[in-house]
Amino acid sequence: MDLEFLYILIFLLTVIQTIAGIGILVLGTPLLLILDVNFIKILGFLLPISVFTSLLNILFFIFLEGSKFKINKNTKKIFFFITLPAVFLGLYLLKNFQEFINFKYFVSIIILISLILVFFKNFLIKIENKFKFMMLSFTGVIHGLSNSGGSLLSLLFSLISNKNQSRYNITYFYFFLAFFQYVLFIYLFGKNNFNHEFLIYILISIPGCLVGNYLIKYLNKKIFEFIIYFLALIGSISLIYS
């Protein structure tokens, strides 16, 4: 694949993930699937870039925004004890049944389900605490299988009224989701693309993060939500038509 194309793609996806909290996996996965890149190769390529981008943005929140953002302790417990082990289950299923999965359709379906849930946002707000366990468990398995759990994760945490708190929550949990997935990916598949050449791809995320954090100042809550849903929809439709 052309290096200039990859550099531009990584930069744009990094900007989007900085703004929306997700993007590199949710959008990069369907795009590379459309280009007929092997799904396992997609995981090895996108995961470390996503992890580093989320880490940069967490550090940005900590050092420039202070410690004003708090995350519910109960949500953390559910996430770390339920969602992360569920990622292992998803990756295990992927390793053993990948030849039976049409990833283009599967990823597209997961994204479309997430978007359908958007229409029930008011209902989700009312039942969030009761069904948080189920939603986060499902997110872990789906993310391990399809790389698209971020769309469900962003939906859950975009229900928060405050834009910056919502961004922080999505970025925080998405970092650990992708990091744990990458560690398990290396363990289960024995693949690690990290080398001197790949370091260039990682470093491209730094200017992307800076640009994204600058642009977010000019986006309100509605535009922020629209970006998440619209980009997910584009990726899903593109996969179906491919």
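Residues are classed by relative accessible area as buried (under 20%), exposed (over 50%) or partly exposed in between, with a 1.4 Å probe and protein chains only. The model is predicted, so local features need pLDDT of at least 70 and side-chain atom pairs count only at pLDDT 80 or more, while totals for chains, interfaces and linings use all residues. Residues are numbered from 1 along each chain as its sequence is written, and side-chain values use heavy atoms, with hydrogens and water left out.

A search of the whole structure gives 16 aromatic pairs. Rings of Phe, Tyr and Trp (its six-membered ring) pair if their centres lie within 6.5 Å; planes under 30 degrees apart are stacked, over 60 edge-to-face, and the rest tilted. F88 and Y92 are stacked, with ring centres 6.5 Å apart and planes at 25 degrees. Both lie in helix α4 (residues 73-97), four residues apart, or about one helical turn. Helices are DSSP runs (H or I, at least four residues), numbered from the N terminus. F88 is partly exposed at 35%. Y92 is also partly exposed, at 41%.

Y172 and F173 form an edge-to-face pair, with centres 5.1 Å apart and planes at 90 degrees. Y172 is buried at 14% relative accessibility, and F173 is buried at 0%. Ring pairs join Y172 and F173 to a cluster that includes F61, F79, F80 and Y168.

D36 sits in the loop between α2 (24-34) and α3. Most residues other than glycine have a negative phi. D36 is not a glycine, yet its phi is positive, about 65 degrees. D36 is exposed, at 60% relative accessibility.

Definitions and conventions. Helices (H or I, at least four residues) and strands (E, at least two) are DSSP runs, numbered from the N terminus.
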